[in-house]
Each structure stands twice: as C-alpha cells, then as structure tokens.
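Here is a short briefing on one protein chain. Read it with the structure open, and find each residue as it comes up.

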Amino acid sequence: IWVSIGKFEDMQVGMPYPFSFTRVQVNGLERTSNSFGGYAIRKSDRYEDLVILNSRCTHLSCTVNWNAEAQSYICPCHDAAFGIEGEVLDGPPPRPLDRFEDFRMTEDGNIEILSKAG
C-alpha cells in the first residue's frame with residue numbers, strides 16, 4: 001500500500017527528514033501491528049532526487065538515529081554508523097541501510113512510499 005511520509009516542502013535539502021508509520025494486519029481473530037520508520041533525504045528541488053532510507057540497521061534490525069554532530073546515523077545496539085545516504089561507515093553491518101525505492105508525490109505535495117511490509 002502507499003503510505004504518506006510527509007510534505008515535500010517540509011523536507012529541507014541535505015537534512016534527514018524522519019518519518020514513521022504503522023501497519024496493521026488482520027488474520028482471522030489475530031491482529032498484528034508493526035511500526036516502521038526511516039529518513040527522507042532531499043537532494044534538490046526535484047522530488048525524484050529523494051533518497052528514502054529504512055531506519056532499521058542491517059546488522060540486527062535495531063533502529064538507527066540521525067546524529068547531527070557526527071553527521072551519521074548511529075545504531076545504539078553495536079555502535080554501527082551509516083552516512084547520510086545509508087552507506088556503512090563503521091561497525092558490523094553487512095550492507096548499507098535499505099531504501100524505499102518506490103515513491104511518488106501526490107497532487108497536494110505529499111510524498112508516499114510503497115510499503116510492501118505486512
């Protein structure tokens with residue numbers, strides 16, 4: 001499903017824009033709720049130039065947080081560090097942060113990502 005993560009105009013060039021959303025899945029009488037989050041990085045005035053990262057560390061899925069002083073995303077679990085576009089800078093992660101590759105801008109300026117998670 002398409003999930004709104006914020007207005008393009010609210011995303012400053014070169015600054016990670018945090019977002020989060022919750023997906024609820026119903027299977028009979030069982031209801032499961034999962035939270036997801038990430039960061040959108042606006043690289044220019046074109047929405048197509050957005051980089052949209054998942055905030056789950058690729059090591060053990062802990063949530064990374066942007067540290068403005070260090071100019072990197074820091075994982076609190078094992079001190080991993082990722083650059084502004086998700087590249088591994090330090091620590092045990094086997095690969096860069098995952099990206100939301102499918103996104104679009106609506107007529108009213110909202111950025112939506114395609115969430116394939118259940």
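Ser 44 sits in the loop between β3 (30-41) and β4 (51-54). Strands here (E, at least two residues) and helices (H or I, at least four) are DSSP runs, numbered from the N terminus. This is a predicted model, in which local features need pLDDT of at least 70, side-chain atom pairs count only at pLDDT 80 or more, and totals for chains, interfaces and linings use all residues. Residues are numbered from 1 along each chain as its sequence is written, and side-chain values use heavy atoms, with hydrogens and water left out.

**Ser 44 and its partners**
- Not counting residues up to four places away in sequence, Ser 44 touches Phe 8, Val 13 and Asp 49; contact means heavy atoms within 4.5 Å.

- Thr 58 is in the loop between β4 and β5 (65-67).
- Is Thr 58 buried or exposed? Thr 58 is buried, because its relative accessible area is 8%.
- Buried means under 20% relative accessible area, exposed over 50%, and partly exposed in between (1.4 Å probe, protein chains only).
- The Thr 58 side chain reaches the backbone oxygen of Arg 95 at 2.6 Å.
- Leaving out residues up to four places away in sequence, Thr 58 touches several residues, including Phe 82, Pro 93 and Arg 95.
- Ser 61 is also in the loop between β4 and β5.
- Ser 61 has a relative accessibility of 47%, so it counts as partly exposed.
- Phi of Ser 61 is near 70°, a positive value in a residue other than glycine.
- Most residues other than glycine have a negative phi.

**Asp 79: another positive phi**
- Asp 79 is in the loop between β6 (72-74) and β7.
- Phi of Asp 79 is near 60°, a positive value in a residue other than glycine.
- Asp 79 is exposed, because its relative accessible area is 59%.

**Pro 16 and Tyr 17**
- Pro 16 lies in the loop between β1 (2-7) and β2, while Tyr 17 lies in strand β2.
- Pro 16 counts as buried, because its relative accessibility is 10%.
- Tyr 17 stands at 21%, so it counts as partly exposed.
- Pro 16 and Ile 52 are 36 residues apart in sequence and 9.1 Å apart in space, C-alpha to C-alpha.
- Beyond its neighbours within four places in sequence, Pro 16 is in contact with residues including Tyr 39, Trp 66 and Ile 84.

**Confidence**
- The chain averages a pLDDT of 93, and 98% of the residues score at least 70.
- pLDDT is the predictor's confidence in each residue, from 0 to 100.
- Confidence is lowest in strand β2 (residues 17-27), at a mean of 89, and highest in strand β7 (residues 81-82), at 98.

Conventions. A polar contact is a pair of N or O atoms within 3.5 Å; within protein, one must be able to donate a hydrogen and the other to accept it, and residues adjacent in sequence count only if both atoms are side-chain atoms.
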